[in-house]
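Dear colleague,

Please find below the structure that I am handing over to you. My findings follow it.

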Amino acid sequence: MADTQIPASRGVPRMLALELARVTERAAIAAARLRGKGDEKAADQAAVDAMRDELNGLPVRGTVVIGEGERDQAPMLFIGEQLGRGEGPEVDIAVDPLEGTTLCAKDMPGAIAVMAMAERGSLLAAPDVYMQKIAIGPGYPAGLVDLDASPTDNVRALARAKGVDPRQITALILDRPRHAALVSEVREAGAAVRLISDGDIAGIIFTASPEETGIDLYLGIGAAPEGVLAAAAMRCIGGQMQGRLILDTAERRRRAAEMGIVDLDRKYDLTDLASGDVIVAATGVTDGALLRGVRFRPDRIQTETVVYRSEAGTVRRILGEHRRGLV
Ligand code: VTB
């Protein structure tokens, strides 16, 4: 269908895919200038400012439904903020201008600038709390793994469906003390565990191409906004994911209720987290397995961006060359 046939109030015109690449490219370049400086807040702020500026030039009426920073008092593109030129389709915007602030500050692999844009009302508006998550790649029967099944059962079910021994399964888990029991159980079930220090959006995306990444399964607790962004990407690439918000204090429950969450214990499926027409863009800040980091050359700046679109399931990798002085 031609974009001109999409009513102005619905859908995300596909031409916006390139615009989103432009947004994350700019945020990534801004953050990359502060790579390795040990200042997470400054890098985050630079990415936030660049992203906001670029988003405000787009022909959309956007509302930020997933922002960042509540948890760590970071500079925000805050939830509810209106973005865009105030004309064109109404869209939900989810942003993580610098996913992996610590990775960027320490110039370690895997920092990215990432955002999603979707039809109004189609991304879960979640507070910045923790989320329990599970994800596997495409090609398996629906419901093969489940948040409420034991890690052992999930590893076994996945191994069986893959036709391999559990010893050939690798699970990716954030390296946190809270995951000690989870890591032990997964290893006892026979699987290998790859630990990462940060960056579980990419971690979940890795499950969609196990033959390349070596990752079959994502398990554990990360941040909720990253969960929604990962779900938006998985909607485009294929794969399964479930998430449940961890609302373990009265304050968190109050914030969730304020955002319209009725069932506080709800187990969200992929399409509960991100439905409708969605576009996701991510640009590498530091080198990583998903994306190459920004390269500063004498006369130009190079970026690598991936853009996912749910409607057609397209995945595009864009190598940008930016003349210095213009960005
Ligand atoms: C993860 C990780 C992020 O937050 O979501 C993590 O993917 C969860 O929070 O890169 P804790 O660090 O508090 O465990 C990040 O590390 C940063 O947002």
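This is a predicted model: local features need pLDDT of at least 70, side-chain atom pairs count only at pLDDT 80 or more; totals for chains, interfaces and linings use all residues.

Residues are numbered from 1 along each chain as its sequence is written, and side-chain values use heavy atoms, with hydrogens and water left out.

The chain falls into domain 1 (16-121 + 278-323) and domain 2 (130-273), with bounds that come from an automatic or database domain assignment. Taken over C-alpha atoms, the centres of domain 1 and domain 2 are 23 Å apart.

At the interface, 24 residues of domain 1 are in contact with 21 residues of domain 2, contact meaning heavy atoms within 4.5 Å. About 1,800 Å² is buried between domain 1 and domain 2, and carbon and sulfur atoms give 72% of that area; buried area is the accessible area (1.4 Å probe) that two parts lose on being put together, summed over both. Across this interface the rule finds 2 residue pairs in polar contact, both at pLDDT 80 or more. A polar contact is a pair of N or O atoms within 3.5 Å; within protein, one must be able to donate a hydrogen and the other to accept it, and residues adjacent in sequence count only if both atoms are side-chain atoms. On the side of domain 1 that touches domain 2, strand 3 gives the most, with 4 residues; strands (E, at least two residues) and helices (H or I, at least four) are DSSP runs, numbered from the N terminus.

The ligand is surrounded by 13 residues, of which Y130, R176, R178, D198 and D200 are the closest; a residue counts if one of its heavy atoms lies within 4 Å. A side-chain N or O atom of Y130 is 2.4 Å from an oxygen atom of the ligand. For D198, a polar side-chain atom lies 2.4 Å from a ligand oxygen atom, and for E226 the corresponding value is 2.9 Å.

The structure holds 25 salt bridges, each a side-chain nitrogen of Lys or Arg within 4 Å of a carboxyl oxygen of Asp or Glu. One of them joins the side chains of R26 and D53 at 3.0 Å, N to O. This pair links distant parts of the chain, with R26 in helix 1 (residues 16-32) and D53 in helix 2 (residues 40-55), 27 residues apart. Across the interface of domain 1 and domain 2, however, the rule finds 0 salt bridges.

Yours sincerely
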